[in-house]
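Hi there,

Here is the structure I promised to pass on to you. Please open it alongside this email, and I will walk you through what turned up.

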Amino acid sequence: MRKELPKTYEPQEAEGKIYQMWMDAHCFHAESNPEKKPFSIVMPPPNVTGQLHMGHAMDCTLQDILTRYKRMQGYETLWMPGVDHAGISTQVKVEEELRKNEGLSRHDLGREKFLERVWAWKNKYGARIVEQQKKMGVSCDWDRARFTMDEGLSRAVREVFVNLYEKDLIYKGSRIINWCPHCVTALSDAEVEYVDKPGHLWYIRYPLTDGSGDLVVATTRPETMMGDTGVAVNPEDERFKHLVGKTCILPIMNREIPIVADEYVELGFGTGAVKMTPAHDPNDFEVGLRHNLETIRVIDDNGVINENGGPYNGMDRYECRKAVVKDLEEQGFLVKTEDYSHNVGTCYRCKNDVEPLISAQWFVKMEPLAKEALRVVNDGEVRFIPERFSKTYTNWMENVHDWCISRQLWWGHQIPAWTCAECGHITVDRADPAKCAKCGSANIERDPDVLDTWFSSALWPFSTLGWPDKTPELDYFYPTSVLVTGYDIIFFWVARMIFSGCEQMKKYPFEKVLIHGLVRDDKGRKMSKSLGNGIDPLEIADKYGADALRFNLITGNSPGNDMRFYVEKCEAMRNFANKIWNASRFVMMNLTIDQVKLPAALELEDKWVLSKLNTLTKEVTENLDAYELGVASAKVYDFIWDTYCDWYIELTKSRMQGPGAENAQNVLCYVLIQLLKLLHPFMPFITEEIYQALPHGAGEDREFIMLSDWPVYSEAHAFPAEEAAMESIMDAIRAIRARRAEMNVPPSRKVQLTVATAQTDIFTAGAPFFRRLASASEVHVTAEAPAAQGMVEVITHAARVLMPLAELVDVQQELERIAKEKAKAEGHLKSIEAKLNNEAFTSKAPANIVQNQRDQAEKLRALIAQLERSEKEMRQ
């Protein structure tokens, strides 16, 4: 039974209703199905603290397009959703609430009570981002939604930790780590952002103990010098060979420290002598190990100088820097100071300077794990799109350091390691131990630290499918088909998922990695709170509809590249949605059929549109398979707007009623349904709403467009000759319209057309189209062109079309108009040329003003030439 569409499409009313309809019918659910090929995507889990931002909206849109496309192609399609516990950000948020509302710290509550508060916060606010994602139309299998700290995933995390520990791939050791004094936790290398900052290079004199002279060292960090335990020189440096093995005096601290020879010191660089602070620099730490140098830590976890800092104990690290420089100068040890810009490590979260500190932390040995993770990418088993990002990945993996995985937090997966107070042995087990595995003592204490959030995220592709259990879903959907993510987390997440999958599953976690860029503002700036240029995608979706937002994000977007977001473009996309709606309403208002079936007898314009649709289907499918989503969407947009709405509907209007009307209705409706299917992955809501109102084809028993069959190319619908013939007619119509517009001829004025062409049969068949679409009163088709006297002529590749000038315009009136416009243009040109011939103007005026005048003069000359041509034609 036919259903009428309302006069206007109201996305605010329709979208929620349609989404609930899909949910009620379990349209998003997937099961292992041996009758179908699997297609699976895991969603990059947003932070539980998060609110949907434009980056999420882009990520969701890309994944949903691929998911809907593959589902319509007949794959058993799983899009696995979930949320990340987001260690630091969640703990900080709850701590802030606790401090603000109750004046308490987490330590006042204790670990257990504090974690109860975090879980309560998660249960209250954790679903917020999920509901926001639903507003974007995401077709995830919500029945399978996971949380990185739910019971199953926590078991997977523990299994991996124990497994790697048993293989000696996880160890605890004192190493130089990246430490954020503001967040008071360790950071992995990937969590450090390097920023070029202005600073100074201080040259300091270290006197030789025997009084025979001194060594000069240069440093950017004098606040750490109280922890110096040696000075290193290159063993080949002739200037210092005689000093190796001797000692010098550490200024201010007046401590004797050794002079050692190490190839780490670059020959000929700087002063040739480098102070060694093993507790505060990773390179110095390695030199210290080789030469058995003492390790003295002088900065505490809060960035404050500790008791080893002598007179500076209790000072902030930057306050200490000033005090040390002042004392060095006063005591005669400061040789000189130079301005110096250098890369400073900053915390990715709070942007404060990171402090390299020696600390006992847990690490993953990366070198053994990196080998297979590199091989699967180098051998093409895992493919990055665009391919250039594989180089970003391999460069990082080839130079990767051991991964510091412990964090000094309470919220997260607590490290499953217990240290024995009696013998010092560390027990790591899959179940909580009651006693030491080595000596049997019950006096054991669990490590208070938690694992880096990325440790659990790294297991996401297989832990969400039930691992470590052997589940039907794991067998069927793993490895997943494609990962969609931004280039900014290749190190954080992509690399770690690949080596985790290779190690635990003995198989890479996904076959392809589709990388997208950042969504920037209309000026190309990164969206941020500090700039105040963030755009709320939910506000945009509420105003213009989620479909318009999605289509804005995808059109013109190409893999790996940043895009600029223009709010005005959402308005254009809403207009596009309205165009589709109005075209569909027109079709439906003229339908008398209850079932769609292509007729055996097809007119020229029918074969043209079906042939064009056939090509569109083939190209869009190829584009989507190649992950050219922006290209595919643009092709569908152009076809709907131009080919279908502006041409085909107009071409068939006269056939909609009367004899043969059913044929026209069937083709119109068939093409519309196929276009809605091609558009559906990009604009799911409006396409479903229209599809629900349309009659469907025989055997098309799918209740929802999202579960209907994706269109396929068919040789039976390839009509190259008819397509070319119709294009020839349309080219002539376009040319006639353009010429009439140039001459300001209103569409209501009908004129005779004479069409001279070698393709007389084609243009004779097209005569009705010229009458209806080119304002022709009569159409004469001839093989021989008549005399062009008194005629206006337009030429296309297939025809010459002549129109009597007198029927188009009042010649005398038009000549008067041309003369008036020409005189005005000549006067304006004369004025500009006078300026440009004045050297005082061209030499003193700003270059852009002068150029602007020259450009205007060129435009006026072109206009005068055009008017003169028109005048000549009028007088023929």
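**Aromatic pairs**

In this predicted model, the count of aromatic pairs comes to 33. One of them is formed by W22 and F685, which are stacked, with 5.5 Å from centre to centre and 25° between the planes. W22 belongs to helix α1 (residues 11–24) and F685 to helix α22 (residues 684–693), so this pair ties together parts that lie 663 residues apart in sequence. W22 is buried, at a relative accessible area of 0%, and F685 is buried too, at 0%.

Have a look at W119 and W411 as well: their ring centres are 5.2 Å apart and their planes stand at 80°, so this pair is edge-to-face. W119 sits in helix α5 (residues 111–125), while W411 is in the loop between β17 and β18, 292 residues apart. W119 is partly exposed at 31% relative accessibility, whereas W411 is buried at 0%.

**A pair of helices**

Next, find helix α27 (residues 811–836) and helix α29 (residues 847–875): their axes come within 9 Å and cross at roughly 155°. That makes α27 roughly antiparallel to α29. Their contact involves 14 nonpolar, four polar and 11 charged residues.

Finally, three strands form an open antiparallel sheet in the order β8-β7-β13. Both β8 (214–219) and β13 (334–347) are at the edges with a single partner strand, so one side of each has no neighbour in the sheet. β7 (residues 192–207) pairs with β8 over six bridges.

Enjoy exploring!

Conventions
Residues numbered from 1 in each chain as written. Predicted model: local features only at pLDDT ≥ 70, side-chain atom pairs only at ≥ 80, totals over all residues. Heavy atoms only, no water. Pairing = 2+ DSSP bridges. Helix = DSSP H or I, 4+ residues; strand = E, 2+ residues; numbered from the N terminus. Axes fitted to C-alpha atoms, helices over the stretch in contact; angles between N-to-C directions. Parallel < 35°, antiparallel > 145°, perpendicular 65-115°, else oblique. Nonpolar A, V, L, I, M, F, W, Y, C, P; charged D, E, K, R; others polar. Phe/Tyr/Trp six-rings, centres within 6.5 Å; stacked < 30°, edge-to-face > 60°. Buried < 20%, exposed > 50% of the residue type's maximum accessible area, 1.4 Å probe, protein only.
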